[in-house]
Amino acid sequence: MSLCHIMVTADELNEGLDNVGLTPSEKDVFVNIFNYIEDVTGEWFALDTVKAQSIHVAHDPALIGPNEIYAGWFAFWMCVFNNTEGGSELETQALGAIRGLFFTAAHNRQITVPSAIETWWLETNDVHHNNSLNEVVA
């Protein structure tokens, strides 16, 4: 088994963050959750567990709210999902992260992100062959 970082291109994440409605200043705060990597292949944002856990204490709530943080995570995991091979472990991880995000955001009384995830889940059913967030395909 080969281990690697889960990461997405900076351009794709920025586009995803635009699509979920984050403002430029909210995007600037949100991307600090990730490690920024620049190499010969381009610019990337990679998961960083320490930074991801510290966003709740390290950011100014006036700059980015909980709904925007949930929306940012949704954008990130959509980028991961969109760039994985069908049936791969990474695709399964991305779907699990999106599903977990749905329930976490809903539990925390968010409305926009769970609704967007539910819509996305139904629209992408052809790819992951699971038309319900409540069920697992065995």
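Buried here means under 20% relative accessible area, exposed over 50%, and partly exposed in between, with a 1.4 Å probe and protein chains only.

Please keep in mind that this is a predicted model: local features need pLDDT of at least 70, side-chain atom pairs count only at pLDDT 80 or more, and totals for chains, interfaces and linings use all residues. Residues are numbered from 1 along each chain as its sequence is written, and side-chain values use heavy atoms, with hydrogens and water left out.

Now, Phe 30. Not counting residues up to four places away in sequence, Phe 30 touches Leu 17, Leu 22, Ile 64, Ile 69, Gly 72 and Trp 73, where contact means heavy atoms within 4.5 Å.

Glu 12, Leu 13, Gly 16 and Leu 17 in helix 1 meet Gly 72, Ala 75, Phe 76, Cys 79 and Asn 82 in helix 4.

Finally, let's visit a loop. Arg 109 lies between helix 5 and helix 6, and Arg 109 is exposed, at 77% relative accessible area. Its C-alpha atom is separated by 9.4 Å from that of Asn 67, 42 residues apart along the chain.

Note on methods:
Helices (H or I, at least four residues) and strands (E, at least two) are DSSP runs, numbered from the N terminus.
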